[in-house]
Each structure stands twice: as structure tokens, then as C-alpha cells.
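Have the structure open and follow along.

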Amino acid sequence: METSEFDYNLPEELIAQSPLKDRSKSRLMVLDKNTGEISHKTFTNIIDYLNEDDVLVINDTKVLPARIIGTKEDTNAKIEILLLRDLGDNTWECLTRPQKRVKVGSVIIFNDKLKARCLELKEEGITIYKFEVNGIFLEILNEIGQMPLPPYIHEKLADKDRYQTIYAKNLGSAAAPTAGLHFTKEILDELKKKGVKIIPITLHVGLGTFRPVTEDDPLKHKMHKEYYEIKEESAKMLNEAIENKKRIVAVGTTSVRTLESAIHSDNKFYPECKETGIFIYPGYEFKAVDALITNFHLPKSTLIMLVSAFASKEIILNAYNEAVKEKYRFFSFGDAMFIK
């Protein structure tokens, strides 16, 4: 297996730069993972494809306004920090740009309420900072922080809430679980009326979202760990679904990674808070997920490898080429795919 096998040609104009006014008006490609058959719908049609007693697993993580820009105390050099992971005691794992201007002991000043001291420099721009906070950290972040939009989005986001799912609850992500951006309250209400059970889990999206696979051999790619949590009620409902042979439909690759990391060898879920660095690629045998709602992913990324494991590389690449031909919108603010 080579990384180049997961490449496809994507015209730049198909990369969605801003969200649609109406979340649910995205297009929906419905893909049969066994036959490769494709149907073209709109996202509101997802209601027709989910059945009574299906369980829909959503990631209720909430995105931090995690991009903060400050100046280095001694030189006034502009430094951009992206908060990735809370290590406790006001210490965070961050991505620094440009990291070459920062040394251990460097102090970055953001305003009169917030500064950060560098404790450790790691590879790939990863830096550990201890923050000095005069006030409440999250309130200061809301004042000065920007939404951490991916680098392929060049337009400014007018409304911060459009980079949050409508069910976002647990603050801690460095990126949105974008498959969930298509859902509206009305769609969720219709699904509940139909008898679909909606189960929340949490995975705080981290650095993996921003990192392409650069190795020719994807198995040499280093996955970064992300925190996940499954609460008691969610574990119970998932176990009931498995016992009663009900379909588990994951919203997004973040839900897939959580479910596939958390299912135990006895085929059960338990309440737990852990980290996962799971890398799913073709040949992987899925233990929990039966169907998947997802967006269209970057070429040569771990996420296109994950969906290629769920269907097959040939079926996925054929579907992506069809999406390009039909001018679907790609990536975070783009259209959706339902793989069944």
C-alpha cells in the first residue's frame, strides 16, 4: 500500500470556502459500500435512509476559538499559536507558527490578561506552553481567539457558530467534526419522531486534522492522540443496539474512530475517558460501525484511507471522481456522503 494510491484530482474551485446559508441544503451522495451504486440527493433526504431503531452516533465536541496571535516578549516577533490539547494546570500542547522563533523559556504576550511561556519544543511545530492567566481562560479565549479553520479555507468566517454543530456541547476541539455541520434541529427532530435513537459521544479533534500523510508508506505516518469520552447512558444504548442487531450509523470519521477505539474484546462498550491514536486503513475489520455519514476528504489523507477501509479504495475513488464530475463541494464546508 502506498500513499499515492489515495490521490485524486480535485479542481481548487470545488473546495468550499464558506458554509451554505441553510445547513441542510448541502448535497448528499448516497453510496452502497458493497456494490458501489451511487445516488444524488440533498442532505434532508438523510431522513429517508435512516430506519426506526437505527442508532445515530454524534460527536458533541465543541470547537475552541483556539487560534491566538501574540508577540514574543523580547523581539516583538508575531507568533501564532493553535491550542491542541489541554494537559492540565494551564499547560497546553500547541502548534506554533513560526516555531523557529521560539525557544524554551520564550514568553508570548497576547494581551494584559494572557501570556504563555514555552516549556518544550517538539517536532512538526508542536510546542508545550504554560499559560499565565489574569481572569478566566475560556472567557479570554472568546475575546481574542479565532476559529481554527483549516488552511485550505481562505475566506473569513462571518459567524463563529457556523463552524460548530448544532449539538456542540463539550468544549475542547481544535477543529469541527464537519460531517455534523449539515444537521439542523428540524432534521434531528424528524429522526427522533421516526424512532432513530441519537447517541452522543465526545472526541476532541486534534492535530491529525491538520496533518497530511507525507510518507510514501502510509503505515509510517505518525497519528497524534485525541481525547475521547463515552458516558454511561451512551455505552448502555450502544450495547443494546449491538445485542438487538440494530444498525449503528456514525456521524463523521471522529465518531468512527471513537467507536472503533472504545469497543472492547467482549463486543461491548463501557463508560470511559481515554486517548486514541487509531489509524484505520484498508484491511481493517470494523467492529462497531455499520453505516457512515461523512464529508469528502483531502487526497492522500488518513480520512480518505478510513473511508476506503469502510467501502473499498476502488469504490471510494470512483465515488470521488463522480463527485468531482458532478461539481460537489469538498472538505469542511462541503457536501456530504452517506455510505451504507
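This is a predicted model: local features need pLDDT of at least 70, side-chain atom pairs count only at pLDDT 80 or more; totals for chains, interfaces and linings use all residues.

Residues are numbered from 1 along each chain as its sequence is written, and side-chain values use heavy atoms, with hydrogens and water left out.

A polar atom of the Gln-99 side chain lies 2.8 Å from the backbone oxygen of Ile-126. The Gln-99 side chain also makes a polar contact with the side chain of Thr-127, at 3.2 Å. (A polar contact is a pair of N or O atoms within 3.5 Å; within protein, one must be able to donate a hydrogen and the other to accept it, and residues adjacent in sequence count only if both atoms are side-chain atoms.) Setting aside residues up to four places away in sequence, Gln-99 touches Leu-121, Lys-122, Gly-125, Ile-126 and Thr-127, where contact means heavy atoms within 4.5 Å.

## Aromatic pairs

There are 18 aromatic pairs in the structure. Rings of Phe, Tyr and Trp (its six-membered ring) pair if their centres lie within 6.5 Å; planes under 30 degrees apart are stacked, over 60 edge-to-face, and the rest tilted. One of the pairs is Phe-43 with Phe-183, edge-to-face at 5.0 Å centre to centre and 85° between the planes. Phe-43 is in the loop between strand 2 and helix 1, and Phe-183 in the loop between strand 11 and helix 3, so this pair ties together parts that are 140 residues apart in sequence. Phe-43 is buried at 0% relative accessibility, and Phe-183 is buried with a relative accessible area of 0%. (Buried means under 20% relative accessible area, exposed over 50%, partly exposed in between, with a 1.4 Å probe and protein chains only.)

Phe-131 and Phe-137 make a tilted pair, 5.4 Å centre to centre with 50° between the planes. Phe-131 is buried at 3%, and Phe-137 at 11%. Elsewhere, Tyr-8, Tyr-152, Phe-296, Tyr-320, Tyr-328, Phe-330 and Phe-331 form one aromatic cluster.

Which residues of helix 2 are buried? They are Phe-137, Ile-140 and Leu-141. These cover an arc of only 105° around the axis, which puts them on the same side of helix 2; the arc is taken from the directions from the helix axis to the C-beta atoms. Asn-142 and Glu-143, on the other side of helix 2, are exposed. The buried residues of helix 2 pack against several strands, including strand 5, strand 6 and strand 10.

## Nonpolar cores

The largest nonpolar core has 66 residues, and those touching the most other members are Tyr-163, Leu-259, Phe-269, Tyr-320, Phe-330 and Ile-339. (A nonpolar core is a set of buried Ala, Val, Leu, Ile, Met, Phe, Trp, Tyr and Cys residues joined through side-chain atoms within 4.5 Å.) Helix 7 gives the most to this core, with seven residues.

Apart from this core lies another, of 25 residues, among them Ile-81, Leu-114, Ile-126 and Tyr-129.

Key
Helices (H or I, at least four residues) and strands (E, at least two) are DSSP runs, numbered from the N terminus.
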